Amino acid sequence: MIPEAQSQSRSSLLTATLMRFGFARIASRSVPAAIVLVAWLILRSMRNRSAASMQNEAFVTGYSLATVCLLLMLLGLRKRWVGAPLGPLAIWQRSHHYLGVFCVGAYGLHAGMITTGWFESALAILFWAIAVSGIVGWYVNRTSPRLLRAAGAQVLRQDIPERTTLVATQAYELALESAGNNHSAALADHYRNRLSRYFATGRGWLYRLSPSGSHRRRLLSELENVDRYLGDEGRTLRRKMSQLVQSKDDLDFQSAIQNRMRFWASAHAWLLGSFLVFAVVHVVVAHRFTSAW
């Protein structure tokens, strides 16, 4: 009975642990979402009260929207203050995501889904561009770490050009070595015809937008086909050349992923800054036309 009791105790402990972690994970997502929903309901109630009291309800939602936009910009400042004791960056990012959701709701209360006038339409286009870039940036940041791990040891973005030049130099020296041997001359010819441009230049915009391993697989397959024209020494050099092709592709892949993350973060920040500039002009014009100033 004692072993059976211990087994049941361990099972109960495991179940309790899983439930506790599962609850914590659900709570970490549901509580902020509930806060966002309550804040949106409060804002809607304030707007309705302003409308009922014959006040301009657009000011309530408009200033709330502007305040949230300013809060959203704090994430960019937090990223620049790396050493400041301001709490974990992950919490800031999660808060930024939930504020972004609230911002969309506040914008819907303020401007609605359809706008009229060229200036208001420009504001609407900017806002929805911010929302789309934020969603895409969230997806890119969520998937990029897994992709970078799949490409081997991560290299800092500023070190990638130097590493790429080193790999290209090694490939060139390997081609020179193979050219001086009758048993490996075919490898030198293949390098000149198919690989020299690959090692010497970067990848195209389509690869940077959506990097894949199709070109790498094609180059490696072509290299393996050269084996029939090589001797034992030539095949050894060919295997080294294949490793360099893979190293170059890994560096190109890491460069594409890291630059993609940087691009979406910069685009999102610039769009948000542009929106705030337009919003300031919008506030001034709104007050002028309502004689609030």
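Asp252 has a relative accessible area of 10%, so it counts as buried (under 20% relative accessible area, with exposed over 50% and partly exposed in between; 1.4 Å probe, protein chains only). The residue is found in helix H10; helices here are DSSP runs of H or I with at least four residues, numbered from the N terminus. The side chain of Asp252 makes a polar contact with the side chain of Lys248, at 2.7 Å. A polar contact is a pair of N or O atoms within 3.5 Å; within protein, one must be able to donate a hydrogen and the other to accept it, and residues adjacent in sequence count only if both atoms are side-chain atoms. Leaving aside neighbours within four places in sequence, Asp252 is in contact (heavy atoms within 4.5 Å) with Arg203 and Tyr207.

The model is predicted: local features need pLDDT of at least 70 and side-chain atom pairs count only at pLDDT 80 or more, while totals for chains, interfaces and linings use all residues. Residues are numbered from 1 along each chain as its sequence is written, and side-chain values use heavy atoms, with hydrogens and water left out.

The structure holds zero disulfides (pairs of cysteine sulfur atoms within 2.5 Å).

| Residue | Relative accessible area | Closest cysteine sulfur |
|---|---|---|
| Cys103 | 4%, buried | Cys69, 4.0 Å |

Helix H5 covers residues 118-150. Its 33 residues should span 48 Å at 1.5 Å a residue, and the end C-alpha atoms, 47 Å apart, agree with that; the expected span is 1.5 Å times one less than the number of residues. H5 has a kink of about 35 degrees at Ser144, shortly before Pro145. The bend is the angle between axes fitted to the seven residues ending at a residue and the seven starting there. Gly152 follows H5 and has a positive phi, near 95 degrees.

The largest nonpolar core has 22 residues. Such a core is a set of buried Ala, Val, Leu, Ile, Met, Phe, Trp, Tyr and Cys residues joined through side-chain atoms within 4.5 Å. Tyr191, Leu195, Phe199, Met241 and Val245 have the most contacts inside this core. At least two of its residues come from each of H6 (160-179), H7 (185-200), H9 (214-225) and H10 (232-290), and H6 gives the most, with six.
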